[in-house]
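Subject: Structure handover

Hello,

Here is the structure I said I would pass on. My notes on what was found follow below it.

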Amino acid sequence: MAGLERLTPGPAGTLAGRGAELEQLATLLDEAGPRVMWVHGVAGIGKSALVGRFVHDAERSGVRCLLLDGGGIEPTPEGFLTALGEAVQERHEALHDLEGLLEGLLEGLLIGQRRRLLVIAVDGVEALRLLDAWLRSSLVPQLPEGVRLLLSGRHRPATSWHSGPAGQGLRVLSMAPLAISDASRLLESLGFSGAQATALARRLHGNPLAIQLAGATLPARPGFRLPEASLQHIMDALTELYLADITDPLQRSLVEGASVVRRITEPLLEAMFPEISAADAYARLRSLDLVEALPDGLDLHEMVREALERSFLARDPQRHGRYRRRAWKALVRQVTGSGRSELWRYTADLLYLIENPVVREAFFPSDRPELVVEPAQADDAASLQDIIHRHEGPEGVRTLWRWWGAMPEAFFVVRDGGGRCQGLCCRFDPDLAPPGCLAEDPVTAAWCEELKASPLPDGQRVLFIRRWLGRDDGERPGDVQAACWLALKRDYMEMRPALRRVYLVLADLSPYAAVAETLGFRPLPTRSVILDGVEHASAVLDFGPRSVDGWLAGLAAAELGVGGGIEWLDRQAHELIRHDRRIALTPLEFGVLSFLLDREGEAVSRKRLLKEVWQSDYMGWSNKVDAVVVGLRRKMGNEAGCIETVTSVGYRYRRGDSCPPEP
């Protein structure tokens, strides 16, 4: 197999059976063609290969193209504009001005009196579900003349894309399985005879990825008969065959380890396989035809990765868990030391380790949204008022309607496919709210009292989720509530790393109790208020000093059974974080602790610490290291024992007793 065709700008070979689709994409380049093209199809159907081929051909014809990977973009407006700016190496001050950035992209595209086209292609757009409404209602309407948008993903666009400004220039391209004749020709090109190719084509569902896997595994098994089964079962069977062909135990272990993480990097390989060189492990994986090299690491096709992980988990759950725990440890260290531009990649890597469906679906949704959440407009007032009157008494109506009058930007509406308002959500940062409204609303007044009793450190922020209501379900669980919760995750992303707490209120907490407890919400019994004769209970989620990323790391740690000891070493701030407190470290304390942490379990000599931390070649006895360790232990409190003295050698970092040992 010549490698899986992925997000590459210049595939030179033939794209089997996709001539009609390429012709459709070519209409983007016509003067009267669509402004937006949306390509969708199931996993492995060849979307990335198609987009890559189109971009390659378009650039050869003189069209400028920017190819973005949706999975690597933080799902916020700032994240998207940052990715776009990085693609053209724009200055950072332009990133917050969408119109200015797009116009800047067009500069220099004039040829004589004619301007060249610019195509912005986003592959894997399903990863940007949190950004769907912004793409549709903000990005598309501001596209200048000469700019085209190509979106590619698993799901067809939500119905709302077909109305308003986005719908006027939208064309949808659905990728079907390859025809039997095209699939047979592709199989013949991989070495199968005509009869074999025809028989196989019917069993492989016309899926190009399955065909390529068959080409990698079946020629060496002339007597093997692939069963007639679902695509998932076929992929599982072919993946098992692929693994069976890897005779080198180390290579096989590396592939299994790669299946448990979202992307493969040298630091992750070093953590999961400490006994071998990370660079060697990376090179070994890169040589495999199942693995694609991307700018930020190595990648297994999602469908292959899922099949590999299912097989690995079934065969060796203990080793599967060990790799996940080691990956978590490495990612926590990377998240702590990352700047904003790299933070989302590590956050997404952490999210991939979390199996909790409530969290996974909120960030990596598996289906197409039927309801969309977007900022409320002035003409939504009647619909909002109707929903509020349905479910609130006079006091509740009065307080919510006061917020609509004072802070309409706090309201979001939930729309169905026909654009009808099916629900609402009111949420805001209290620092941006009128103080009078906060004091007059009994709920927010209670939350403000809670913040006075338990104040936040300087620079940290709060999100008040004042109310969500569905037209039919009110505050109860349902599609509207799920859509609101999904949209709130974008607020989490936009407000981090400053977001510290989230407050919410419900007349009945019980339907949410189990999920809320898992996510870390805790009730505030002393902050309940009575509205219209009904007790409204409040709850708070405190993310901790590391904000959303610390919360996600904690959720993953709880699932994996790890924790204890030092919770965080903030490598940018040079601070130790213990039990919700930040403790400043001197440069030498930080150097010693980070050096020991990065070599957990390893006895590190005083001479080595002097050389690496002090940059000293002094070979005699020195108590400099011991003095710094004494100060460190004092700051570590109950976790001081994590730094062990190794007699006649130096020191070793080992996690505390509260953390179960690595199996």
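P497 sits in the loop that runs between α22 and β14 (499–506). Please keep in mind that this is a predicted model. The peptide bond joining R496 to P497 is cis, with omega at about 0 degrees.

Nonpolar cores

The largest nonpolar core comprises 103 residues, and L204, L238, W328 and Y492 have the most contacts inside it. Helix α22 (residues 479–495) contributes the most to this core, giving 9 residues. Another core lies apart from it and has 33 residues, including V443, L469, V505 and V529. As general background, nonpolar side chains in soluble globular proteins tend to be buried together.

For Y492, once neighbours within four places in sequence are set aside, the contacts are L463, L499, V502, F521, L541, F543, V548 and W551.

S547 is not a glycine, yet its phi is positive, at about 60 degrees. This residue belongs to helix α24 (residues 547–560). Is S547 buried or exposed? S547 has a relative accessible area of 0%, so it counts as buried, the cut-off for buried being under 20%.

S648 also has a positive phi, near 65 degrees, and is likewise a residue other than glycine. S648 is located in the loop between β22 (643–646) and β23 (650–653). With a relative accessible area of 74%, S648 is exposed, because exposed requires over 50%.

Regards

Definitions and conventions:
Residues are numbered from 1 along each chain as its sequence is written. This is a predicted model: local features need pLDDT of at least 70, side-chain atom pairs count only at pLDDT 80 or more; totals for chains, interfaces and linings use all residues. Side-chain values use heavy atoms; hydrogens and water are left out. A nonpolar core is a set of buried Ala, Val, Leu, Ile, Met, Phe, Trp, Tyr and Cys residues joined through side-chain atoms within 4.5 Å. Buried means under 20% relative accessible area, exposed over 50%, partly exposed in between (1.4 Å probe, protein chains only). Helices (H or I, at least four residues) and strands (E, at least two) are DSSP runs, numbered from the N terminus. Contact means heavy atoms within 4.5 Å.
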